[in-house]
Amino acid sequence: PQTDIVFLKVHKSASSTVMNVLFRFGETHNLTFAFPLGGGFQLYYPHHFMARFVQGFSPKSPQRFNILCHHMRFLQPEVQKVVPSSAVYFSILRNPVQLMESSFMYYKGASAFSRVRSLEEFLSQPHLYYDPAKGDSNYAKNLMTFDFGFNPNAEVSAERVQLMVKAIEASFDFLLISEYFDESMVLLKEMLCWDLDSVVSFPLNTRDSSTKSSLSDSVVEKIKEWNRLDWEIYTHFNRTFWERIDRDIGRERMEREVRALRERQAELARTCLQGTGSVAPKDIKDSSLRPLQHGGARILGYNLKQGLDKETERVCRRLVTPELQYSSALYKKQFPPVPP
C-alpha cells in the first residue's frame, strides 16, 4: 500500500469525506501528517503553500511527512520539501455549476456574495459585486483554478487552458470526480493498493437539502461562462477519469467493485448509525460529533448507536468524526502537549 500521499483538498468537492479516508488510513498505519502550524485547519490558505506553514518542518532537518491533505493553494516546489519524493499526488474536482451554488451558500459572508440576495442576482452583474483584489474573491470565481495555484481571473484562451491542463497532469497522478464518488473511491483504492475498508466512508460536511436551490438553464449557462477556466479543467478531467477506468479497471469490474463498496457501506451504516443516516445539527446528541456550521448552509452529521463494543465503537466513531475534531485529535497525538 502507498503511504506517502499529497491530496489537494479542493473546496466544496466532497473533499472532507476524502480527508476522513486519509485520516483513518494514516491513524491506522501510524503515519505522520503535515499539519498547519499550531494545529490550525488550513495551510495559510488563500496564500500559495510554503513548506514553513507546516508544523515541525525545518529546512535544516530532512524530516518528511507521509500525508499532506489540509486546505492549501498548490505550489509544488514547496510541497516537495515536506513529503517524500515517492509521494502519490491526487485531487478531486466537482462540476463547477454545483460547486458555485454550494460556494454561494457556504461563503455567503464573502465580499462578492454578501450584498446579493441570490446567486441569480450575483450572476446578472457579477462585476458589480466581484472585486478580484479582495482577499476572499477566490470563493466567487474559478475556485478550482485558484486552488490548483493558477490565476482565476486570467483570460480564457485555448492555449491557457492547454497549459493549465498540462501542468496539472504533470503534477498529479490522478484526479477524482465528486459526481462519481464511489467510482472515485474504487479508483483511489486501485491506485494506492489499499483494501476496501480503507476507502469506505459516510458523506461528511454535506448540506441539508433544504438549503440547496435548483438552478434555471440560463443560470447554469451563466455559471459556466463566469467559471470558464474551471469548466474547461472539469470537462477535460471528467473525460480522462473514464478513459483511465476503461484502461485500468474496465466498466464491468468497476460495477462489481462499486457494488461491493456500497454493500460494505450499508452494512457499516446498519452497524454504526442510529436511524438511516445523517441528521440535522440540532439532532446530533454527541456534541463532539457536531460539524462546524458555516454561512447559510446547514451541515449534517450522525448519531452513533449506543452499546457498541469497544472496537466497533472505535471504527464507527472514526467514520463519523467531523474534519476539525479529527484533525485536532490527530494533531495532539503527533505533537503531544508538553506538560508544564
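Q: How many helices and strands does the protein have?
A: Helices (H or I, at least four residues) and strands (E, at least two) are read as DSSP runs and numbered from the N terminus. On that reading the protein has 14 helices and 4 strands. This is a predicted model, in which local features need pLDDT of at least 70 and side-chain atom pairs count only at pLDDT 80 or more, while totals for chains, interfaces and linings use all residues. Residues are numbered from 1 along each chain as its sequence is written, and side-chain values use heavy atoms, with hydrogens and water left out.

Q: What does the radius of gyration say about the protein?
A: The radius is taken over C-alpha atoms, and the globule rule is 2.2 Å times the number of residues to the power 0.38. For 340 residues a compact globule would come out near 20 Å, and the protein's value of 20 Å agrees with this. Along the principal axes, the C-alpha atoms fill a box of roughly 55 × 55 × 50 Å. Of the 340 residues, 53% count as buried, where buried means under 20% relative accessible area, exposed over 50%, and partly exposed in between (1.4 Å probe, protein chains only).

Q: How should I describe two packed helices?
A: They are described by the angle between their axes and the distance between the axes. Axes are lines fitted to C-alpha atoms, for helices over the stretch in contact, and angles run from 0 to 180 degrees between N-to-C directions. Angles under 35 degrees count as roughly parallel, over 145 as roughly antiparallel, 65 to 115 as roughly perpendicular, and the rest as oblique. Here the axes of α7 (residues 158-171) and α11 (residues 228-248) come within 10 Å and cross at roughly 50°, and the two helices are therefore oblique to each other. The contact (heavy atoms within 4.5 Å) involves residues including Val-161, Met-164 and Ile-168 of α7 and Ile-233, His-236 and Phe-237 of α11. By class it holds 7 nonpolar, 2 polar and 3 charged residues, with Ala, Val, Leu, Ile, Met, Phe, Trp, Tyr, Cys and Pro counted as nonpolar, Asp, Glu, Lys and Arg as charged, and the others, Gly among them, as polar.

Q: At what angle do α3 and α11 pack?
A: Helix α3 (residues 96-106) packs with α11 at about 130°, their axes lying 9 Å apart, and this pair is therefore oblique too. Pro-96, Val-97 and Leu-99 of α3 meet Asp-230, Trp-231 and Tyr-234 of α11, a contact that divides into 5 nonpolar, no polar and 1 charged residue.

Q: Which residues does Ser-15 touch?
A: Leaving aside residues up to four places away in sequence, Ser-15 touches Phe-7, Lys-9, Val-10, His-71 and Ile-92. Ser-15 is found in helix α1 (residues 15-28) and is buried, with a relative accessible area of 3%.

Q: Where does Ala-14 lie, and is Asn-142 buried or exposed?
A: Ala-14 is in the loop between β1 (5-8) and α1, and has a positive phi of about 65° although it is not a glycine. Asn-142, also not a glycine, has a positive phi of about 45°. Ala-14 is partly exposed, at 33% relative accessible area, whereas Asn-142 is buried, at 2%.

Q: Which residues does the cis peptide bond join?
A: The cis bond joins Tyr-45 and Pro-46, with omega about 10°, and Pro-46 lies in the loop between α1 and β2 (67-68).
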